[in-house]
Amino acid sequence: SAWLLTVCALNGMVLLLRPYTRLLRVQTTWAYLLSDHPTLGTGAGMAAMYSFCAAVILSLLIGVVVDFVEERARSREAKALPFDAGAAAEDASGGEMRPPWRGRWHLHVLLVLASCISHGVAFSLPILKRQTSGAMMNLLSSLDVGFEQSYSLFDLGLMAGAAGGWDSFMAATYWTFLLVGPLLRMSTLLGLLLCPMPMRLALRLHALSRHASAFYAMEVMAVAVPLINLTFGPLSAYMLDYHTFPPCADIEEQYGDGARRSDGKPLCLMVSATPTAGYVALLAAVLLYYVACLDGSFTHKYVHRQLHPLDDPPPACGRRGDKTLL
């Protein structure tokens, strides 16, 4: 998740710094990266970010392959034992997994459906708003020029790959962790909860669902939004002042509103990113996903018990009679 937090922070800096680059037009690397287009650019420093994205994807894919190989080895070992717990579970269910249609089944179906809906709402609503303040913005406002704009998770994903090239790979990584992975996890859980299917197919679908749960990073966005505001908001107040932009003194005399920086000096321009109502939806989506869809969540354990009724792992071992975990 660290890579995505970095990407979000860079994207946040891009959308916050656009007013500065439009005003100053400084011919530097920052001006190149943060010009009129809200993209991450293709600077030399981004090569490390692209490599980092590739490393994260490869590490998770290697984990999936290792888990698959280990599961096959364990299956062969279990068949050599006098008692095969997996075969016993399949025989007990008649070789087919059917929804129980009773008990807590309704609750888990509702939880997964609520997680799906909340994820869609969080993805479509603006989660942060770029706001500006200071004498410079009072001047621009008098000229009907403004830089305030709201951004949703969907907008940020489009911005990440707008420059093309290797930025498209970084955007694909963004979409994988924030949209493809979560939706695949939710849909497979719903399939296991709602659709009758052969036990062997259910076990494979459950394995796929578990692997998909690793590709999730919505909680990183929940951290990135306030982090961008807390770190970059105060910093931006010092990027454009009387030393770097002398006309700020004259602008303050005519358009100043008394706003001050933390050091007591007049505020020329400050850009901040404040959470919007969509950020609350994002927090709700993360909470529901943790309850219903995270590997090890309540719904995951419920489905696991339906597939492996004889499994009695710690710390519950010994609490269900004399059942034995192979």
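Which residues of α12 are buried?

A: This is a predicted model, in which local features need pLDDT of at least 70 and side-chain atom pairs count only at pLDDT 80 or more, while totals for chains, interfaces and linings use all residues. Residues are numbered from 1 along each chain as its sequence is written, and side-chain values use heavy atoms, with hydrogens and water left out.

The buried residues of α12 are Gly-278, Tyr-279, Ala-281, Leu-282, Ala-285, Val-286, Tyr-289 and Ala-292; buried means under 20% relative accessible area, exposed over 50%, and partly exposed in between (1.4 Å probe, protein chains only). These residues lie on the same side of α12, because they cover an arc of only 160 degrees around the axis, the arc being that of the directions from the helix axis to the C-beta atoms. An α-helix has 3.6 residues a turn, so residues three or four places apart point the same way. On the face of α12 turned away from the buried side are the exposed residues Ala-277, Val-280 and Leu-287.

Helices (H or I, at least four residues) and strands (E, at least two) are DSSP runs, numbered from the N terminus. Helix α12 comprises 16 residues (277-292), which at 1.5 Å a residue should span 22 Å, and its end C-alpha atoms are 23 Å apart, which agrees. The expected span is 1.5 Å times one less than the number of residues.

Turning to the cysteines, Cys-293 is buried, with a relative accessible area of 0%. Its sulfur is 6.4 Å from the closest cysteine sulfur, in Cys-116, too far for a bond; a disulfide is a pair of cysteine sulfur atoms within 2.5 Å.
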